[in-house]
Amino acid sequence: MTSLITDEPMRTDFTRRLKQNGGLIALGIIILFNIIVTPNFLQAQTLAVNISQVATIAIVAMGMTLVIATGGIDLSVGAVMALSGALAPLIFQSEFGTAYPALGLVAALLFPLAAAFLCGLFNGTIVAVLKVQPIIATLILFISGRGIAQVLTNGNLQTFSNPEFSYLGTGKILGFPFQGWLALVIACLLFWLVNRTIFGRYLLAVGGNERAAKLSGGPVRKVKIGAYVLCSVLSGLAGLIVVAINSASDAARNGNLMELDAIAAAVVGGALLQGGKAPIFGAILGAVIIQLVKYTLLANGVEDEVALIAKAAIILAAVYIQQARKE
Amino acid sequence: MLDQNAFDLRKYISRNPQSVAVWIALVVLIIFGLLRYDNFGGAYNITSFLNYNAMFIAISVGMCFVILTGGIDLSVGSVAAFTSVVAAYLSPYGIEVAMPLAILSGIGFGLFNAVCIVFLRIPPFITTLATMLGAKGGSLVISGAETIAVDWGSNFTQLGMEKAFNIVPWTIVIVGILVVGLWIVLEMTSLGRTILAVGGGEDASTMMGLKVNRAKIFVYALSGGCAGIAGVFLASGFGAGQPLEGVGWELSAIAAVVVGGTLLTGGLGSLPATVAGALLLGLVFNILNFENGKGWISFSAYWQMVIRGAFLFAVILFQTRVMNRQSKVEFAK
C-alpha cells in the first residue's frame with residue numbers, strides 16, 4: 001500500500017505531463033523523422049512552403065477552436081472559404097473593380113469577409129436562438145455555401161493577375177510568407193480576446209457549463225453567435241489567402257475538406273469537444289502537426305489516398321487520448 | 001393485449017405528428033408533377049426514379065436507426081463507394097457472392113465505428129468523420145483511384161438493371177424487404193424498443209438495465225451494411241465500382257431522416273417517414289429535371305446543392321417549431 005501511495009503522484013505527474021505535452025512531443029518526433037529521412041528538409045525553402053500552407057489551416061483552426069470552446073462545431077468553414085474566395089475575383093474583375101482598382105481591391109477584401117460574417121451570423125443564430133445541434137445547423141451552409149459559390153462563378157475556374165491582391169498569399173516580410181505573420185497576429189489578438197476580455201470569460205463559461213453561464217446572467221446567445229461569426233470571418237480570410245496563393249479561384253476545390261483539417265488541428269491542439277477550453281496557440285501547434293504529417297507523407301512519395309487514412313488515424317488517436325485525459 | 005399490439009393509424013400519427021408533414025408534401029408534389037408534366041406518371045420515369053433512389057433509401061433507413069439512438073454516421077457515402085469497388089471486383093463470381101461479401105465489408109466499417117464509439121468512447125461525429133476519410137482513402141487505394149468495370153458476363157448487373165417479373169426493379173424489391181424487415185425490428189422487438197430508449201436517454205436506459213451497447217453496435221453495423229447495399233446497387237446499376245462516388249450522400253441521408261420528422265436528438269422517429277423523406281428529396285430533383293426540360297427556367301447542377309441546403313433549413317425550422325410546441329404541451333401537463 002505504501003509503495004502505491006508514494007508511486008502514485010510521480011506516475012500521474014509523468015503521464016499528465018506526457019498528455020499535456022503530447023502535441024509538442026509528436027511535433028518533435030515528426031521533425032526528427034523528417035531531418036533523418038526526408039531529403040532537403042532543413043532548408044529555408046521547405047520552411048517557407050510549409051508556413052505558407054499551414055497559415056490557412058491555422059487561421060481556420062483558431063476560429064474552429066473558439067466554436068469548439070462553446071461546445072459546438074462548424075462544418076461550414078470549407079464552404080465559407082469557397083464562397084469568399086469566389087467573391088473576391090468577381091469583385092476586382094468586375095467593371096467597377098477594373099475602373100477603380102484601389103477601391104475594387106478594398107471591396108474585394110471587405111465584401112467576401114462581410115459575406116463570411118453573414119454566414120457566421122446565420123450559423124450562430126440557428127445554433128443559439130433556434131437551439132439546433134451545431135452539426136446540423138452548420139450542415140446547411142456546408143451543403144449550400146459551396147453551391148452558392150459555384151452558382152456565382154457558374155462552376156468556372158476564375159484565373160486572374162492582380163499582384164496587389166496576391167500579396168495576401170505570396171507576399172513576404174523578413175523572408176517569411178505574409179500569411180504566416182498574419183496568422184501570428186491573429187493568434188495574439190485571439191489569445192488576448194480569450195484570456196483578457198469578458199467575451200473570453202463567457203466563451204469558456206458557456207462551453208464549461210451553459211446552464212450555469214446562463215443562470216449567472218451571461219449573454220449566452222451573443223457569445224455563441226460571436227464565436228460562429230469569428231470562425232466564419234476567419235474562414236473567409238483563409239479562403240481569400242488560398243485564392244491569392246493560386247492566383248485562381250476554384251469554388252469546387254477551395255477549402256474542400258478544410259473542416260476536417262481544422263477540427264483535427266483544434267483537437268490535436270488540446271481543444272475539448274465538450275467545450276470549455278480554447279487553446280489558441282494549441283490550434284497553431286495542431287495545424288503545424290497536420291501540415292507536417294501531410295508534407296512528410298507527400299515528400300516521401302506516399303500517395304494522397306494513404307495520407308487520407310493517416311489523417312483519419314490522427315484524428316481518432318487525438319480524440320481518444322483527449323477522452324482518456326478527461327476520465 | 002391484442003388491441004395494444006394491433007397497428008393503430010391514429011395512435012401512430014399522434015405519436016409521430018412531425019412526420020405527417022412529409023407525407024402531405026410527398027402527395028402534393030406527386031399531384032403537382034402529374035398535372036404539370038406529361039411523362040411524369042409514365043412507367044419509365046417511375047421505375048427509373050425508384051431504381052435510382054433505391055440506394056438513397058437504403059442509406060437513409062440505416063441513418064435513421066443511428067439517429068434514433070442520438071448518434072450520427074457521416075461515413076455512409078465513402079463506405080458505399082468502397083463497397084461498390086469491392087462488389088465490382090467480385091462481380092465475376094456472380095451476384096450471390098459479390099453482394100453478401102460487399103455488404104459484409106460495409107458492416108465491417110460499421111463495426112469499426114461501433115467499437116470506437118461504444119468502447120473507446122470517441123464521439124460518433126468524430127469517429128464517423130474519420131471513417132469517412134479512411135474509407136475514402138481505402139477505396140482509392142484498392143481501386144488505384146480508377147473506376148472498376150464490372151463483369152458484364154455474370155449475372156451481377158441484373159440486380160441494378162433488370163426488373164423482377166418485368167414489373168418492379170430488383171433494387172426496389174430488395175429495399176422494400178429491407179424497410180419492412182427493419183420496421184418490424186423497430187416497432188415490435190425489444191431491440192427496437194431499446195434503440196428508441198437509448199435515444200430518449202442513454203444514462204436512464206443503462207440504469208434500467210437495457211442492453212445499450214448491443215443496440216448501439218447494432219445500429220452502426222446496420223448503417224454500414226445499408227451503405228454496403230447502396231454500394232452494390234451503385235456498382236450493379238452503373239456497371240462500375242466508383243471510388244469517387246458517395247460525396248455528400250451522408251447529407252442526403254441525414255436530410256431524408258430529418259425531413260421524415262425523426263428528431264436529431266434521437267428517441268423519436270419513423271422509418272416509413274424516412275423513406276418518404278428520401279423519396280421527397282429525390283422527387284424535388286426529378287421535378288427540377290422536368291422543369292428544366294420545359295425550358296422555362298434553367299437550373300444548373302450547382303443549384304441542386306443550394307436547394308438541398310435550403311430544404312434542410314426549412315425542415316429544421318419546421319422541426320424546431322413542432323418541438324417547441326410539444327415541449328410547451330408537456331410543460332403544461
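**A:I315 and the A–B contact**

Leaving aside residues up to four places away in sequence, A:I315 touches A:A264 and A:V267 as well as B:I126, B:L129 and B:A130 (touching, or contact, means C-beta atoms, placed from the backbone, within 7 Å). The model is a predicted one, where local features need pLDDT of at least 70, side-chain atom pairs count only at pLDDT 80 or more, and totals for chains, interfaces and linings use all residues. Residues are numbered from 1 along each chain as its sequence is written, with chains lettered from A and ligands numbered from 1 in the order in which they are written.

A:I315 also turns up in the largest nonpolar core, a set of 201 residues in which A:A58, A:A61, A:I315 and B:I59 touch the most other members. Such a core joins buried Ala, Val, Leu, Ile, Met, Phe, Trp, Tyr and Cys residues through C-beta atoms within 7 Å; buried means 20 or more other C-beta atoms within 10 Å of a residue's own, with C-beta atoms placed from the backbone. Helix α12 of chain A (residues 220-246) gives the most to this core, at 16 residues; helices here are DSSP runs of H or I, at least four residues, and strands are runs of E, at least two, numbered from the N terminus.

As for the contact between the chains, 30 residues come from chain A and 35 residues from chain B. On the chain A side, α7 (134-153) and α15 (304-326) each supply at least two residues, and α7(A) gives the most, with twelve.

Chain B itself has 15 helices and four strands, and buried residues make up 48% of its 333 residues.

Technical notes. Buried ≥ 20, exposed ≤ 12 C-beta atoms within 10 Å, placed from the backbone. Contact = placed C-beta atoms within 7 Å.
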